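Colleague: I would like to learn how to read a domain interface and a ligand site. Can you take me through one case?

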Amino acid sequence: MNFASDNAGPMHPKVLEALIAANDGTQMPYGNDTIMQDARAHLRDVFEAPEAGVYMVSTGTAANALALATYAKPWDAIFCHRTAHIEEDECGAPEFFTNGAKLTLVDGADGKMSPEALRDSILATGDKGVHGVQRGPISLTQATELGTVYTLNELKALTDIAKEFGLATHLDGARFANAQVALGCSAADMTWKAGIDVVSFGGTKNGCMMTEAVVIFDPEKAWEFELRRKRGAHLLSKHRYLSTQLQAYLADDLWLTLAEQSNTACAKLARGLRQIEGAKLLHEPDVNMIFAELPRGAHKRAMQAGAKYYLSPFDTPLDGPEDDLIACRLVCDWSKKDEDIDQLLALLR
Ligand SMILES: Cc1ncc(COP(=O)(O)O)c(C=O)c1O
């Protein structure tokens, strides 16, 4: 009964099998393996971007920080939502890898930047000449950290503003597949066709062991990324073990199947939560993550029976008035089964 994170889930057996198969014999190191050639070609097909640079790293933080470093100068602002992972959960890695670019927080309901707030934030930046930071890239998260999804029009409205000011847009796609399935669109629709320049394409949360791809649509930028990845100590020598995860992840649309499973599981959980007296969903869950308030007594019952998930704030005590409403985050990874959800709901009820 672990609903703490999609990272709490296992890797998919097909990814594990691919790792074992890739272990046979020798392969050239540092991304020159034949598996990478195949995986790169497949991902370019998925994105309908035959020229795109495709690079693998083993964490989402590395993908985000290195991608942003490729697009931001040290004296730039990077515009991101107040709840962005790059702001809240990366220990300053984007600032570190950009040599000090300043994250500039933009508001908007449900974890999504509002176009008005983005425009105001851009206008308020870079108007002090040499004394202030300059306008730099925008970073959007899709699906957002609050389990919501930007529609294609919402994405386009934000990238249009970025373009108006000559700024690039990065997409943190740690849950890219979940968002794509939720929108029922193509990877190209959700990225370059919507004005996105560079994507952190997540695999780890959705069935891989540890693999994220950075997809750069402007081939001119690719070499710089490659240098930054090496200099930033994220070029894996035994790279084939990253490549093979991506290859297995993309084969037969496994990535979309798994995202469909976790989104569907989460929708079931949301339906059950809505029927619990006193429970309240804080955002409309578009993908595999729910933020909800529940009475402390419900949390206590579930957690004492072994359920794992995060309360917000993390250290909220379970002892105290049973009726107090306490917020929590519940995440369904791809392996969640109906009975796991029924079990949690029964306890919360
Ligand atoms: C929105 C988002 N971006 C990026 C990441 C990647 O983080 P990590 O460096 O832990 O792989 C996560 C993981 O929690 C995330 O939720």
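This is a predicted model: local features need pLDDT of at least 70, side-chain atom pairs count only at pLDDT 80 or more; totals for chains, interfaces and linings use all residues.

Colleague: Start with the domains. Which residue ranges does the domain assignment give?

Modeller: Domain 1 covers 12–253 and domain 2 covers 255–348. Their C-alpha centres are 28 Å apart. In the contact, domain 1 takes part with 26 residues and domain 2 with 19 residues.

Colleague: How do I read the size of such an interface?

Modeller: The size of an interface is often given as the accessible area lost when the parts come together. Here, domain 1 and domain 2 bury about 1900 Å² between them. Carbon and sulfur atoms account for 61% of that area.

Colleague: Which three residues supply more than any other three to the area that domain 1 buries against domain 2?

Modeller: They are Asn178, Val181 and Asp253. Together they supply 27% of the area on the domain 1 side.

Colleague: And the polar side of the interface? How many salt bridges and how many residue pairs in polar contact does the rule find across it?

Modeller: Zero salt bridges cross between domain 1 and domain 2. Polar contacts do cross: the rule finds 12 residue pairs, with both residues at pLDDT 80 or more.

Colleague: Which elements give two or more residues to the domain 1 side?

Modeller: Helix H8 (176–183) and helix H10 (240–250) do. H8 gives the most, with seven residues. By class, the domain 1 side has 13 nonpolar, eight polar and five charged residues.

Colleague: Now the ligand. Which residues are around it?

Modeller: Begin with the list, then look for polar atoms facing each other. The list runs Thr59, Gly60, Thr61, Asn64, His85, Glu90, Thr141, Glu145, Asp172, Ala174, Arg175 and Lys205. For Thr61, a polar side-chain atom lies 2.5 Å from a ligand oxygen atom. For His85, the distance from a polar side-chain atom to a ligand oxygen atom is 3.3 Å.

Colleague: How many salt bridges does the rule count?

Modeller: The count comes to 15.

Methods. Residues are numbered from 1 along each chain as its sequence is written. Side-chain values use heavy atoms; hydrogens and water are left out. Domain bounds come from an automatic or database domain assignment. Contact means heavy atoms within 4.5 Å. Buried area is the accessible area (1.4 Å probe) that two parts lose on being put together, summed over both. A salt bridge is a side-chain nitrogen of Lys or Arg within 4 Å of a carboxyl oxygen of Asp or Glu. A polar contact is a pair of N or O atoms within 3.5 Å; within protein, one must be able to donate a hydrogen and the other to accept it, and residues adjacent in sequence count only if both atoms are side-chain atoms. Helices (H or I, at least four residues) and strands (E, at least two) are DSSP runs, numbered from the N terminus. Ala, Val, Leu, Ile, Met, Phe, Trp, Tyr, Cys and Pro count as nonpolar, Asp, Glu, Lys and Arg as charged, and the others, Gly among them, as polar. A residue is near a molecule or strand if one of its heavy atoms lies within 4 Å of it.
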